[in-house]
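The sequence and structure come first.

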Amino acid sequence: MEHLLSIYNTLSRQTEQFIPLNSPFAGLYVCGPTVYGDPHLGHARPAITFDILFRYLTHLGYKVRYVRNITDVGHLVNDADSGEDKIAKQARFENLEPMEVVQFYLNRYHKAMEALNVLPPSIEPHASGHIIEQIQLVKDIIKSGFAYESAGSIYFDVEKYNKQYNYGVLSGRNIDDMLSTTRKLDGQEEKRRNIDFALWKKASPEHIMRWQSPWSEGFPGWHLECSAMSRKYLGEVFDIHGGGMDLIFPHHECEIAQSVAAGGKQAVRYWMHNNMITINGQKMGKSLNNFINLEQFFTGSHSLLTQAYSAMTIRFFILQAHYRSTVDFSNEALQASEKGLIRLMEAYDNIGRLTVSAQTENETIKAFAAKSSEAMNDDLNTPTVIAQLFESVHIINQSLAGQMDLSQEDIDELRRFFNLFLFDLLGMKNSQKDGNASYEAFSKAVDMLLEVRMQAKQNKDWTTSDKIRNELTALGFEIKDTKDGFEWRLSR
Ligand code: ZN
């Protein structure tokens, strides 16, 4: 198998020739959601980014085992070692069992991912289902001397670890600075140092989610689950670990420390991180009232949105940026994406209308797929792939206008190009038409109305024909009269 893919490895800060070394098997682990609220843009971007990687590795011939976890315990409200569990807090708020909260939001997450055409991972393990594995990992870290017990809780000894290994390799943070600025705690606290992180926490009496362990009845620290579950399903060393950039520190830094402390070596060959999303140039946050969840995008039901945006528009918009760049959501930008996507889908439909008028192959058309593969191999450069697709739209339109001659090979190649890159790899689907029975009925009904209008025009019944035209236009239809009849489309 030939491997050309190169990716940016966040650990070495280089774009590296990438070869999953267990070829043809590739292990991919991506940090999934903490399921205590509605899925939002911050969930969509990593899911889509690593969906592209999953699709592309599979296309290259790898057998990919893609593990994306569900955090359902241990993620505390302030992302550190104190405060309430995010899920328990939501459960108290909604007066539900914690696992009811998990199931409720997980169902919504899955529904949103399906709408975004994100393929399900191979394994979706829950943290709460892997307490035994997490306890075993804590035992291993204690055995190697990098953890200590304090009042029934177990903490990772960052200072000791750093003497032997390098804490901060992934984030590039300087541990000495961190140690000197984080004072040694005065013994009032359980931890020796602020920078130490919990592997196991003793549960306070009011804490709901709790399990037996050798140290106390308690629950695992947030960072532990990913180390334990990746080890279980992908082995001691695996190929790619992904997630959003906001997870680099402390979550992924702590994962590295845990794996190295337990097994003496780095578990991950390549770290990949997607950049963050902003809304109208601002960070997303509940306090800024710009925290728009995915369903609000799909229905247009948020005060910042001037219209609804389909899941495919959101997906396409995210893919128009490279995964390592930031993406800024605004109505203008989304509307431009929506138009662009419609152009691509129309061009795809128009391939069926192209007629053969040349004998030889067009070299420009042949190059689209090659250039797009090259772009995908270059750190998943989806914007370049999309630019190639738009180039091909230009050719399709020229040919339709009778300004360019195409051979049968050219037409077949255009169809292959769209099918592979737009649909299979970028994962776009023609959401209105794709196997949608109700769309078919709807579309026939519109055709019928327009036929009645044609009839009315022939009978010089202008009142009826204008009424149909005006009312359909008001509903958002664009109607065009052609020499054989009519064409229509729903502009959004
Ligand atoms: Zn994780």
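## Helix 14

In this predicted model, the buried residues of helix 14 are Asp 410, Ile 411, Glu 413, Leu 414, Phe 417, Phe 418, Phe 421, Leu 422, Phe 423 and Leu 425. They pack against helix 1 (41-60), helix 11 (331-351), helix 12 (363-377) and helix 13 (382-400).

After helix 14 comes Gly 427, with a positive phi near 70°.

## Domains

The domain assignment divides the chain into domain 1 (5-274), domain 2 (282-425) and domain 3 (437-490). Taken over C-alpha atoms, the centres of domain 1 and domain 2 are 34 Å apart. Their contact involves 30 residues from domain 1 and 33 residues from domain 2.

## Interface of domain 1 and domain 2

Between them, domain 1 and domain 2 bury about 2700 Å², with 66% of this area on carbon and sulfur atoms. Of the area that domain 1 buries against domain 2, 26% comes from Leu 41, Arg 45 and Tyr 56, more than from any other three residues.

Two salt bridges are counted between domain 1 and domain 2. Asp 51 and Arg 315 form a salt bridge in which the closest N and O atoms are 2.8 Å apart. Twelve residue pairs are in polar contact across the interface. On the side of domain 1 that touches domain 2, strand 1 (6-9), helix 1, helix 3 (98-115) and strand 10 (268-274) each give two or more residues. Helix 1 gives the most, with twelve residues.

Terms used. Residues are numbered from 1 along each chain as its sequence is written. This is a predicted model: local features need pLDDT of at least 70, side-chain atom pairs count only at pLDDT 80 or more; totals for chains, interfaces and linings use all residues. Side-chain values use heavy atoms; hydrogens and water are left out. Buried means under 20% relative accessible area, exposed over 50%, partly exposed in between (1.4 Å probe, protein chains only). Helices (H or I, at least four residues) and strands (E, at least two) are DSSP runs, numbered from the N terminus. Contact means heavy atoms within 4.5 Å. Domain bounds come from an automatic or database domain assignment. Buried area is the accessible area (1.4 Å probe) that two parts lose on being put together, summed over both. A salt bridge is a side-chain nitrogen of Lys or Arg within 4 Å of a carboxyl oxygen of Asp or Glu. A polar contact is a pair of N or O atoms within 3.5 Å; within protein, one must be able to donate a hydrogen and the other to accept it, and residues adjacent in sequence count only if both atoms are side-chain atoms.
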